[in-house]
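Keep the sequence handy and click along.

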There are 2 protein chains.
Amino acid sequence: MSLERLRTLVGEIYDLERVGFLLAWDMETTMPPDAALARAEQRATIGRAAHERLVSDELGRLLEELRGEEESLPYESDEASLIRVVRRDHEKACRVPAELRAELLREGALGHGAWLEARERRDFEVLRPHFERLLELKRRYVDCFEPAAEPYDVLLDDYERGFTTAETEHVLEHLKRELVPLVEAAREADGDELEGPFPVEGQRAFSVDLLERLGSDSRSWRLDHSEHPFTASLGIADIRLTSHFRETHLGGIFAAIHEFGHGLYERQISPSLARTPLAAGASAALHESQSRMWENLVGRGRAFWRFAYDDLRRALPGLRDVEPDRFFRAVNRIRPSLTRVDADEITYNLHIVLRFELERELLTGRLEPRDLPDAFDERMHAYLGVDVPDARAGVLQDIHWADAGFGYFPTYSLGNVMSVQIWEKACADLGDLDARIERGDFADLREWLREHLHRHGRKLTPRETLVRAAGSEIDPEPYVRYLKGKLGEVAGVAVS
Amino acid sequence: MSLERLRTLVGEIYDLERVGFLLAWDMETTMPPDAALARAEQRATIGRAAHERLVSDELGRLLEELRGEEESLPYESDEASLIRVVRRDHEKACRVPAELRAELLREGALGHGAWLEARERRDFEVLRPHFERLLELKRRYVDCFEPAAEPYDVLLDDYERGFTTAETEHVLEHLKRELVPLVEAAREADGDELEGPFPVEGQRAFSVDLLERLGSDSRSWRLDHSEHPFTASLGIADIRLTSHFRETHLGGIFAAIHEFGHGLYERQISPSLARTPLAAGASAALHESQSRMWENLVGRGRAFWRFAYDDLRRALPGLRDVEPDRFFRAVNRIRPSLTRVDADEITYNLHIVLRFELERELLTGRLEPRDLPDAFDERMHAYLGVDVPDARAGVLQDIHWADAGFGYFPTYSLGNVMSVQIWEKACADLGDLDARIERGDFADLREWLREHLHRHGRKLTPRETLVRAAGSEIDPEPYVRYLKGKLGEVAGVAVS
């Protein structure tokens with residue numbers, strides 16, 4: 001009886017959350033611009049309705065009543081998992097006073113506006129008052145929870161439950177140590193770029209066909225246009241990818257493959273978890289492990305382009321004279337650059353290391369916001385050898401810091417690391433994946449991912465989920481090995 | 001203080017309602033088909049969240065506290081109107097027990113499925129058990145309210161607040177008496193049809209341009225495709241029209257103009273009413289008066305095609321050899337046909353008369369559901385001279401009866417009647433509209449409609465709103481006069 005009522009309540013919370021995703025998806029893909037104000041109100045109302053249910057006394061009582069049932073059931077049963085995960089969500093949500101939550105939302109919205117203006121004027125000082133206030137609010141947020149080894153643990157836990165700052169630091173320090181020297185090596189072996197234009201319609205048509213070959217179908221998937229590519233899962237059978245195709249480069253195709261990885265994760269969650277808070281990816285990093293796996297390990301591999309290059313050339317006849325090997329090297333080109341979202345596989349992680357370090361220092365007060373732009377520029381030079389021309393291209397490049405998103409950045413690199421751990425396990429289990437990929441057969445890989453990772457949804461913790469899929473705890477070494485191999489292959493640089 | 005809290009509460013109700021519209025719009029235009037089940041849950045959850053707020057004790061208390069304030073303020077002030085209209089919505093909603101409401105929703109959903117199957121099998125018997133249950137539930141619904149002159153009054157009030165069955169009957173009987181003979185006259189003068197194909201892309205491009213000339217803009221309007229055309233207003237600045245262009249006829253263009261009329265009504269509601277339940281059309285009939293006015297009085301007029309026909313021919317070169325006069329007569333052709341939604345201006349109303357009569361007889365028990373198909377077919381023959389080949393083309397043609405929508409049909413004809421009353425008043429105030437229309441100038445008409453009708457939203461009752469716009473209570477005579485004139489012009493039939 002209590003369990004049934006719990007299912008009803010969390011079903012509503014799940015519906016409201018996904019409706020919120022539709023409001024966001026529609027805003028980015030479809031909505032007429034003058035509807036922005038009304039849309040902000042709608043999103044706030046839906047968010048409040050979901051939050052009210054999550055912190056409700058009724059939910060708290062139900063969870064108490066269900067303690068016995070939870071303990072009597074196997075840990076991995078749908079029911080015990082549901083009670084356990086909802087309890088944790090409820091307890092976390094209850095710790096934050098409504099007033100602080102509202103202030104964070106409000107200041108985040110103001111920060112977003114200030115960020116746009118600061119970018120326009122290429123001046124961090126425009127954002128700084130909001131940034132300082134957000135930092136202060138985030139400190140108050142941290143204080144709502146049990147003291148952790150360091151404050152950053154609390155923020156990280158929102159995206160990567162149970163992961164500590166210390167182990168994240170261990171992984172990122174390892175990447176920094178290994179990758180900074182690789183950047184130097186790559187610079188010396190820099191090859192040439194593909195020359196456009198690449199007609200947008202050809203890229204879109206190619207991507208639509210490709211996504212179908214990878215495993216999407218029009219009964220439950222869509223591909224639309226948005227300024228920044230993203231995936232919205234409005235339900236297990238309502239997976240919406242977006243990309244942005246540009247004439248000047250092929251990034252939109254890789255973005256579509258990347259988003260397919262996110263989409264497939266959501267699509268392959270066990271139907272028995274539908275309409276519960278378990279019907280989502282286990283964590284931000286595990287989600288990213290899937291998008292990165294499809295984008296890079298599948299989509300930037302030689303085998304993949306043996307399968308797909310003829311089709312691409314048909315869609316983009318301008319590639320007629322570009323030999324496959326040159327194409328492969330061009331789409332895997334390693335070169336330090338200013339912008340995180342455009343970075344190659346190796347340098348991407350250094351953008352993350354830098355942001356992770358700065359966030360921690362800001363949170364503990366070792367770094368003052370006023371000193372942030374200089375610190376950002378200095379580290380861009382030190383880790384990437386890149387000189388930042390102005391704040392817009394530098395410290396103001398991402399939205400996350402204007403949006404109360406502290407703690408999110410490291411999950412990108414954790415996801416990269418996990419992607420290779422999981423990939424290697426899949427290869428060990430399935431045998432030669434390259435041969436399958438070369439003939440456009442992705443079914444075994446999809447099924448393996450479903451069985452070992454996707455179907456669990458949020459049942460297990462991120463750590464448990466990773467161990468289940470990869471057979472080991474997080475370990476940056478396979479990823480570093482993979483990157484070195486890639487660099488050797490692409491740039492002819494031998495790295496030990 | 002109470003008023004502020006009222007605004008907050010009804011703002012949330014409004015948000016939830018409009019989010020519900022987005023869920024419906026997306027379902028009809030965009031959603032992948034396998035998402036249907038999840039979408040049904042989402043819509044139910046949003047509907048419940050809105051309803052809970054509307055019937056909440058808090059809202060009831062607030063409305064009590066605000067009685068003094070309401071009485072001290074002018075009747076037409078935003079504040080007094082808000083309190084008055086919300087009170088009525090609250091009281092109506094509170095009268096229906098949650099259980100009955102849920103049963104109506106559930107049986108409506110089941111009825112929808114059964115309707116699809118019954119259509120497939122062309123057999124009303126498949127729908128009948130649901131139909132009987134819905135009828136019974138609707139009788140229980142009627143019993144929740146104060147006894148009215150007849151039960152149908154209660155159903156009509158949901159769409160046309162304050163309008164009685166008696167006055168609706170008066171209007172529809174008048175139409176029947178006047179129009180049945182016209183159908184005969186038209187049949188004898190039947191002219192020829194336009195011959196396609198009319199390429200869909202040409203129709204769409206023409207319609208997009210046309211909507212802009214009429215007064216839409218891409219900052220707050222969209223035009224999309226759906227099976228059945230409709231308008232969703234997701235906010236005063238988020239107006240979404242749909243149409244369905246087909247190669248075989250030009251109905252999609254007229255549907256786009258029709259939906260523009262609905263959209264303009266919502267777009268021109270006073271911004272001071274935004275995010276309140278007053279930010280909507282005054283009634284179903286008044287809404288229809290606006291869509292019909294733009295579709296028929298503007299869009300099927302000679303002046304309009306003097307303005308637009310060159311553009312249409314450019315978009316559809318197949319019309320090259322169709323002289324303007326022949327085009328005008330063809331798009332105004334009067335001919336009895338089986339299907340309500342495809343009917344011409346005159347016979348449309350007889351489809352409505354028939355349904356209105358049958359609904360009333362069913363509700364009072366004078367007609368048994370098992371006898372409905374025969375009664376439907378008999379009246380189709382009697383009023384329209386049309387023989388119904390099977391139930392799919394006959395009694396199963398509309399969704400409304402499978403969906404608990406009794407009481408809605410008559411508002412279509414009431415809207416037709418109102419459209420001419422309002423149009424004549426606009427012409428009297430503005431002088432020659434034809435000259436403006438012929439040069440593509442719709443601004444004065446839009447402004448007149450804003451000032452005299454649209455801006456009021458739901459502040460006033462439908463009756464008050466009509467009197468404000470048209471200067472008189474409902475009166476079918478201007479509409480009949482207009483139809484006779486149209487028939488004379490199109491078919492060369494002199495009618496007195």
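This is a predicted model: local features need pLDDT of at least 70, side-chain atom pairs count only at pLDDT 80 or more; totals for chains, interfaces and linings use all residues.

A residue counts as buried when its relative accessible area is under 20%, and as exposed when that area is over 50%.

**Phe327(A) and its surroundings**

- You'll find Phe327(A) in helix H14 of chain A, which covers residues 324-331.
- Which residues does Phe327(A) touch, once neighbours within four places in sequence are left aside? The contacts are Leu194(A), Leu250(A), Trp305(A), Tyr309(A), Leu312(A), Leu319(A) and Val322(A).
- For a sense of scale, pick Ser272(A), 55 residues away from Phe327(A) along the chain: the two C-alpha atoms are separated by 43 Å.

**How the two chains relate**

- Chain A has an open sheet of three strands, ordered E1-E3-E2, and the pairing is mixed.
- Strands E1 (221-225) and E2 (231-233) of chain A sit at the edges with a single partner strand each, so one side of each has no neighbour in the sheet.
- From one strand to the next, the twist averages 20°.
- E2(A) and strand E3 of chain A (residues 239-243) run antiparallel and are joined by three bridges.
- To see one of these pairings, look at Ala232(A), whose bridge partner in E3(A) is Arg240(A).

**The sheet in chain B, and the helix across it**

- In chain B you again get an open sheet of three strands with the order E1-E3-E2 and mixed pairing.
- Its edge strands are E1 (221-225) and E2 (231-233) of chain B, each of them pairing on one side only.
- On average, and ignoring direction, neighbouring strands here are turned by 20° against each other.
- E1(B) pairs with strand E3 of chain B (residues 239-243) in the parallel sense, over five bridges.
- Which residue of E3(B) stands opposite Arg222(B)? That one is Arg240(B).
- Helix H1 of chain B (residues 2-29) lies across E1, E2 and E3 of chain B, and runs at about 40° to E1(B).

**Helix H2 of chain B**

- Helix H2 of chain B (residues 36-54) has 19 residues, which at 1.5 Å a residue should span 27 Å; the end C-alpha atoms are 27 Å apart, so the two agree.
- Several residues of H2(B) are buried, including Arg39(B), Gln42(B), His51(B) and Arg53(B).
- Thr45(B), Ile46(B), Ala49(B), Ala50(B) and Leu54(B) of H2(B) are buried too.
- As background, an α-helix has 3.6 residues a turn, so residues three or four places apart point the same way.

**Helix H9 and its packing partners**

- In chain B, helix H9 (residues 165-188) packs on helix H17 (residues 409-430) at an angle of about 70°, with the axes 11 Å apart.
- That makes H9(B) and H17(B) roughly perpendicular.
- At this contact Thr168(B), Val171(B), Leu172(B) and Leu175(B) from H9(B) meet Pro410(B), Ser413(B), Leu414(B) and Val417(B) from H17(B).
- Over in chain A, helix H8 (residues 151-159) packs against H9(A) at about 80°, with 9 Å between the axes.
- H8(A) and H9(A) are therefore roughly perpendicular as well.
- Tyr152(A), Asp153(A) and Leu156(A) of H8(A) meet Thr165(A), Ala166(A) and Thr168(A) of H9(A).

- Ser413(A) belongs to helix H17 of chain A (residues 409-430).
- Is Ser413(A) buried or exposed? With 0% relative accessibility, Ser413(A) counts as buried.
- Beyond neighbours within four places in sequence, Ser413(A) is in contact with Leu172(A), Leu175(A), Asn349(A) and Ile352(A).
- Lys176(A) sits in helix H9 of chain A (residues 165-188).
- The relative accessibility of Lys176(A) is 18%, so this lysine counts as buried.
- Not counting residues up to four places away in sequence, Lys176(A) touches Pro181(A), Leu350(A), Val353(A), Glu357(A) and Tyr383(A).

Conventions:
Residues are numbered from 1 along each chain as its sequence is written. Chains are lettered from A and ligands numbered from 1 in the order in which they are written. Side-chain values use heavy atoms; hydrogens and water are left out. Two strands pair if DSSP finds at least two bridges between them. Helices (H or I, at least four residues) and strands (E, at least two) are DSSP runs, numbered from the N terminus. Axes are lines fitted to C-alpha atoms, for helices over the stretch in contact, and angles run from 0 to 180 degrees between N-to-C directions. Contact means heavy atoms within 4.5 Å. The expected span of a helix is 1.5 Å times one less than its number of residues. Buried means under 20% relative accessible area, exposed over 50%, partly exposed in between (1.4 Å probe, protein chains only). Angles under 35 degrees count as roughly parallel, over 145 as roughly antiparallel, 65 to 115 as roughly perpendicular and the rest as oblique.
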